Structures are given as C-alpha cells and as structure tokens.
Amino acid sequence: MTTTSPTDFDAIVIGAGFSGMYMLKSLRDKLGLNVKVFEAGDTVGGTWYWNRYPGARCDSDAYIYVFTFDKQMLQEWEWSERYPTQPEILRYLEYVAKRHDLKRDIQFGTRVTGAEFDEKADRWIVHTDKGETVTAKYLIPAVGTLSTTNLPDFKGLERFKGKWYHTSRFPKEGVDFTAKRVAVVGTGATAVQAIPEISQQAKQLTVFQRTANYCVPARNGKVSPEVTRARKADYDNIIQRIRESFFGQEHYMIPKSALEVSPEERERQFEQMWDAGGFAFWLGNYQDMFFSAEANEVCADFIRRKIRATVLDPKTADKLMPKGHYYGTKRQPLDTNYYETFNKPNVQLIDAATDGAIEEITENGIRAGGKEYPVDIIVFATGFDAMTGPFKALNLKGRGGRTLDQAWQEGPRSYLGISVVGFPNLFTITGPQSPSVLSNMPVSIEQHVEWVTGLIDHMEKSGKKTVEPTVEAQEQWVGHVNEIVSATLMTSANSWYMSANIPGKPKAFLPYLGPEGVGGYRRKCDEIAAKGYEGFKLSA
Ligand code: NAP
C-alpha cells in the first residue's frame, strides 16, 4: 500500500452513482485499497440524484436494472412497479450504500475541478472545489454518460421574467405547475416522460418540437407476485443471460429479415412486441432493422400508423410523424400516454418544420416562427453533452500536460472505452467507445468495474506502477468501433449517439455497437486480460 497521509490514496473515484458506488465497494472490500470518492451531489445516486423531473423513471425493466454482485440484495429488494420512479431508484441506492457501508468513504457536496498526472511520482493530483488537493495512484471517473447538461444558447433567456428549469437540474422540492402556462422544449426520452405528467397540472402546456420521435409504449404497471417470485428463483440464469446478451437486456433480435416474412406474420409480430411494451419493439425486432432502409421502413410505418390511430387531430398527428431519420437510430423513448396527451385541450404542439423553429426567448415567453407564445415556466428537456462531456468537464491533464480535450479534439479515442493513450492509471467507467449507453447500464457498469478491479489487482500483485494503452491498440480499437457502426443506419441520424446534438461537437459515434454486443465485448475484454493485458503497456 502506498498511502502516506490522509491526502494520499490508492484510488480516487469521481462520482457516486451506480458506477462509483460499485467501484468503491470493489476496490475497498475486494482488494483492500484505500479509496476516496468525491461526489458533487449530497447523497448517492448520480443520474438518479440529478434527474428528478416529473415522470422520471427507469426505462429498463427493474428486475435487471440492479446490482447483481450481492445475491442477498437481489432476493431482499422489492420493486413496486415494472419501471420504478426516480425516488424509488434512489431509495434502492441508499439501501445498497447502507448495506455495504459505502458513505464513510464518499465525500459529498464536492466537485472535482481538475486533475493532472505527475510523471515523476506516477500519481494523479486531484483538485476539488473545496480547495483540496489529494493524490492517488489510480483515478477512476465514474461520472456517468448523460450528466453534463446541454442548455442550448437560446437568445434572450436572461430576460425571461418567468421561471425556467433544465430537466436534469430540477429543484428537490419540485415545481408546482398548477394554473401555470408551461413550455417544454424538446421531445427526447426525458420530455416524453415529463410531458404527460406536466400536462396534468398545467393550465396550458406548449411543447416545442424540433424532431418528432418514434415512441413506443412502456406498459408500466405492477408485476405479479408470481412473476417476481419466479425471477428471484431464476436470478443466476437471468444474470448469465443478460451478461451474454447483446444489449444487457432479455431482448433478442429476431434472426430473420423483416422483408422475408409475410406482411400478416410481420404485423402479428409487431403487435406482439407493441403489446409487450418497453424496448421489445426496438431491441427485439427483425435483425435487419438497423441495417436495411427497407426493413427499417416497415417498422417505422407501423409506428406511424399507431400515432395516426391515437392522435385525434390530423394536423397534430402529422407533426408528430417522425421524418428524416430511421427508426431506432435515436434512443428509443418509452411512452406512457405521450401521444394521448396531445388530444387534451390544454396541450399544443409547436413543430419547428411546420410552425417555425424557436427564434428567441422573450420577457414573457418563447418566439417561434415569428409568433410569441406567452408562458410562465419553461422546462428545457434538451439533453446532454453525452459521453465525452462528463469526462472533458474534469479538466484532466495526462502526460506532458496534454488535456483530454486535446486528445479528443476530433472525437473520442480510447482503448476498449476504458483507457486513453497518455493518461496512465485512468479508467473511464462506461466511457466512450464501450457498449455503455447501448446496453442496460448496470450490466455494463458491473463488467467495467470488475474488469478494472482485475487489472488493478494485477498491477498491485506484480508491482507495476503505471498502465496505459499502446498507440497501436488504441488506433485499432477506434478503427474497429467506427467500422462496425458504419455498416448500420445509426450513422445517418442527428442523434446524441453521433454527437450531433451539440453545435461544434466533432462528429463521432460515441458508444460501441457489437458485433456481438455486451456479451462479445465482455469476452473480448476477458481475452485481453488473459493475454496479460494485451494492448497495454505496464511499467514497473
Ligand atoms: P435528448 O434525447 O438529447 O433530447 C433532447 C431534445 O431537445 C430533442 O428533442 C432535441 O431535438 C431537443 N433540442 C436540443 N437542442 C435543441 C435546440 N437548440 N432547439 C430545439 N430543440 C432542441 O435528451 P433527453 O430527452 O434528456 O434524453 C437523453 C438521454 O437520457 C436519452 O436518450 C436516454 O438515454 C436517457 N434517458 C433515460 C431515461 C431512462 O432510462 N429512464 C429517461 C430519459 C432519458 P433534436 O431531436 O432535434 O435534437
């Protein structure tokens, strides 16, 4: 152990969401290291701490949106619904923190403001907004993928006389929309959850849509005690299945083309997935949906017909029809009364293409297409600087003082999405170019944490001081990530997956897609470890 004073640690972990909590548990309790966690929020939760907008709930089935490292927790914890709400997930994470006594090593209310690698000492020097400077051999940003807020630079926001909020920074005490005229800007997965909820309170809700989305029903509800019992009894198999699966979910693409089956069979299959709800339609569809424009179109057409059948006003239905991007190439929003909400008399939809884009925020509201829409409250559901944003925000300096911003000037470059050339002993949990957001997050988080723990264990046991990828290994990985995705329709969308939601962000596909999903990626990482961490330089 290298610890010499309370300011020197074996490892510093940044963030106390799912990843940071398990990273702490793993390094401290499995390896016996001296670990410190810094967390900006005032308790555990990460994403689930910050995103407390109305309607916020999990989009994955809860029985697999859990830690699996502790079998007793899997048996003990009871979810109240298929997709639990944000407060319930926070309660779960508090329960985990208590059971594993995590909080004693987490410093809350503290943001890491910068860190540089000291090449003489082979240690990271880490600074916080509380004026502290601490050091560690290993630095592990567990900062999440969707944690750097994107608030577009709307002209005039500063003169708006009402109140405004971003969904990812909602006040803890909530917002009372009663008798208010409310605007929601954005129609991504967050807005699709928030809009139906806000519409129930607001006097008038105006939704500003830039791109219509393909939404599918969530079908939330109680899970029967029999199903819950059966799952608890089968957890060992469930865990194995999700770890080996493509998406970390119990959804599997149909090994057929959407075009090879009869229209009747296809329709039956579509209806079945539609009724099942959740990600079934997205991740359990015909296998060529992500590859063939023609196969994709039959899926898209089915959703358009559902929208048409739900939305009563044909003009509003037209505006809600997704156009210009393939189905599934943007993150699938799950809908609970989303389309129905546009049938309510107090809800109007302002579509950028039909009614005009947002021009400015005025003192009293939002001007779009030359018309002012007066509102009392604006809710920005405008998303995040995804995946690279949270890491860049840490102001990391690697060898030679080179910043991550410089290293990622033309998009992320990493080896396995875990490590970056020139940034020794730095491990990016669910970082760019790993499966991450294309999977059920806890599955990918556990895989990264366990793999990094194995690497650190190896370093400690073999007396190594630094580990970092070779340039060749990194270049090969970057090439592989881009080659795989270029065969799909994903690259054609203006999605945050493609970095397209932030003006000026270098265009790059951010996660890693296949070819065998999270299962194949896990095998690849394990093979690399078995070959003595192939592609890494380990120095004594
Ligand atoms: P998002 O998907 O990036 O959506 C942002 C919305 O704001 C889009 O409709 C976007 O339009 C619009 N927008 C952005 N900039 C704009 C501008 N300058 N003018 C007008 N409109 C603008 O963000 P999100 O809905 O917060 O979701 C982000 C991710 O969080 C999701 O994809 C998902 O991975 C995750 N999430 C998870 C859950 C869950 O599991 N429970 C729930 C919600 C979100 P364009 O489409 O035209 O860019």
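1. Domain 1 and domain 2 bury about 1,700 Å² between them. Carbon and sulfur atoms give 62% of that area. Buried area here is the accessible area (1.4 Å probe) that two parts lose on being put together, summed over both. On the domain 1 side, Leu489, Met490 and Tyr497 lose the most area to domain 2, together 28% of what that side buries.

2. A word on the basis. This is a predicted model, in which local features need pLDDT of at least 70 and side-chain atom pairs count only at pLDDT 80 or more, while totals for chains, interfaces and linings use all residues. Residues are numbered from 1 along each chain as its sequence is written, and side-chain values use heavy atoms, with hydrogens and water left out.

3. The domain assignment, automatic or from a database, gives domain 1 as 8–44 + 102–148 + 385–539 and domain 2 as 216–380. Their centres, taken over C-alpha atoms, are 31 Å apart. Domain 1 brings 24 residues to the contact and domain 2 brings 20; contact means heavy atoms within 4.5 Å.

4. One salt bridge is counted between the domains. The rule asks for a side-chain nitrogen of Lys or Arg within 4 Å of a carboxyl oxygen of Asp or Glu. Arg243 and Glu446 meet in a salt bridge through their side chains, at 3.6 Å, N to O.

5. Which helices each supply at least two residues of the domain 1 side that touches domain 2? They are H16 (441–461) and H18 (517–530), helices being DSSP runs (H or I, at least four residues) numbered from the N terminus. H18 gives the largest share, four residues.
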